[in-house]
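Visitor: I'm new to this one. Can you walk me through it?
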Amino acid sequence: RTRHKEPRCPLDKEPLDVTQIFPDNYTNKQLLSMTVLCSNKTGNECPWEGPLKDLESHLDECPHGLIGCPLGCSEKVSRKDVDCHMEMMCEKRKNRCEFCRKEVPIDYAELHMDKECQKNLVECPDCEQMMPKFEVAKHLETDCPNFEIECPLRCKEKLLRKDMQSHLNESASTGKHFFGFLEKFTKLNQLVESQDRW
């Protein structure tokens with residue numbers, strides 16, 4: 001079958017002269033007035049039927065027509081079901097974080113909890129107590145019983161916070177810190193005296 005470069009009549013295959021073609025308003029009017037069914041009438045879905053000239057405007061509003069989800073997921077849903085889809089099924093629907101109350105898309109909720117939400121409950125890495133994420137640093141700095149701290153009397157020992165009081169009590173009874181202070185005081189005194197000689 002050969003294709004012709006110039007337009008041809010579909011009936012007799014004779015070449016068409018474009019200057020001789022004119023719109024047939026009568027036939028056009030007849031075609032547009034023909035009764036057609038909605039293309040969304042699969043099964044018993046859309047009952048609409050009407051003139052061909054109204055089909056395009058009907059399809060723009062047909063409740064059974066498929067549209068892309070307004071929230072941006074990849075689903076195509078019928079107009080009549082779009083609200084239900086956005087509220088109950090869409091992976092991009094918003095959900096309020098139970099801790100910070102920020103609205104985040106459902107498909108981002110886990111990442112939000114892990115990376116962003118500072119009110120999300122997390123476990124202290126040392127004592128396993130549960131607390132909001134934003135309180136962990138302060139908890140470790142001031143409260144955590146299993147966090148290692150230096151002796152406040154500068155004996156260079158590092159102990160768990162929960163063991164510090166017994167360390168201080170023991171040192172007080174043995175004089176460990178006193179002798180450490182005495183040694184440092186003596187060294188400091190010697191340094192001062194050596195400075196005075198110059």
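Visitor: Let's start with leucine 159. Is it buried or exposed?
Guide: Leucine 159 counts as buried, because its relative accessibility is 18% and the cut-off for buried is under 20%. Keep in mind that this is a predicted model.
Visitor: Where does leucine 159 lie?
Guide: In strand S10, which covers residues 158-160.
Visitor: And what does leucine 159 touch, not counting residues up to four places away?
Guide: Phe147, Glu148, Ile149, Met164 and His167. Take glutamate 148 as an example. It sits 11 residues from leucine 159 along the chain, and the two C-alpha atoms are separated by 5.2 Å.
Visitor: Next, the core. Which residues make up the largest nonpolar core?
Guide: There are 5: Cys124, Met131, Val136, Leu140 and Cys144.
Visitor: Pick leucine 140. What is it in contact with, leaving aside neighbours within four places?
Guide: Cys124, Pro125, Asp126, Phe147 and Arg161. Of these, Cys124 is also listed in the core with Leu140. Phe147 is also among the contacts of leucine 159.
Visitor: Where is leucine 31 in the fold?
Guide: Leucine 31 lies in helix H1, residues 25-33. It is partly exposed, with a relative accessible area of 42%.
Visitor: Switching topic. What about serine 78, buried or exposed?
Guide: Buried, at 9% relative accessibility. Serine 78 is in strand S4, residues 76-78.
Visitor: What does the side chain of serine 78 make a polar contact with?
Guide: The side chain of aspartate 81, at 2.9 Å. Beyond its neighbours within four places in sequence, serine 78 is in contact with Pro63, His64, Gly65 and Leu66.
Visitor: Histidine 64 is on that list. Where is the place of histidine 64?
Guide: In the loop between helix H2 (52-61) and strand S3 (66-68). Histidine 64 counts as buried, at 15% relative accessibility.
Visitor: Which backbone oxygen lies 2.9 Å from a polar atom of its side chain?
Guide: The backbone oxygen of glutamate 45. Glu45 is also one of the contacts of histidine 64, leaving aside neighbours within four places.
Visitor: How many salt bridges does the structure hold?
Guide: It holds 5. One of them joins lysine 92 and aspartate 107, with the closest N and O atoms 3.2 Å apart.
Visitor: What does that pair tie together?
Guide: Parts that are 15 residues apart in sequence, because lysine 92 lies in the loop between helix H3 (82-89) and strand S5 (94-96), and aspartate 107 in the loop between strand S6 (103-105) and helix H4 (109-116). Lysine 92 is partly exposed, at 29% relative accessible area. Aspartate 107 is partly exposed, at 44%.
Visitor: And which residue does glutamate 116 meet in a salt bridge?
Guide: Lysine 102, at 3.6 Å from N to O. Glutamate 116 lies in helix H4 and lysine 102 in the loop between S5 and S6, so this pair ties together parts 14 residues apart in sequence. Glutamate 116 is partly exposed, at 35% relative accessibility. Lysine 102 is partly exposed as well, with a relative accessible area of 43%.
Visitor: Last topic, the backbone. What is the phi of lysine 13?
Guide: Positive, about 65°, although lysine 13 is not a glycine. Lysine 13 lies in the segment before H1. It counts as partly exposed, at 46% relative accessibility.
Visitor: Is glutamate 128 buried or exposed?
Guide: Exposed, with a relative accessible area of 56%.

Notes. Residues are numbered from 1 along each chain as its sequence is written. This is a predicted model: local features need pLDDT of at least 70, side-chain atom pairs count only at pLDDT 80 or more; totals for chains, interfaces and linings use all residues. Side-chain values use heavy atoms; hydrogens and water are left out. A nonpolar core is a set of buried Ala, Val, Leu, Ile, Met, Phe, Trp, Tyr and Cys residues joined through side-chain atoms within 4.5 Å. Buried means under 20% relative accessible area, exposed over 50%, partly exposed in between (1.4 Å probe, protein chains only). Contact means heavy atoms within 4.5 Å. Helices (H or I, at least four residues) and strands (E, at least two) are DSSP runs, numbered from the N terminus. A polar contact is a pair of N or O atoms within 3.5 Å; within protein, one must be able to donate a hydrogen and the other to accept it, and residues adjacent in sequence count only if both atoms are side-chain atoms. A salt bridge is a side-chain nitrogen of Lys or Arg within 4 Å of a carboxyl oxygen of Asp or Glu.
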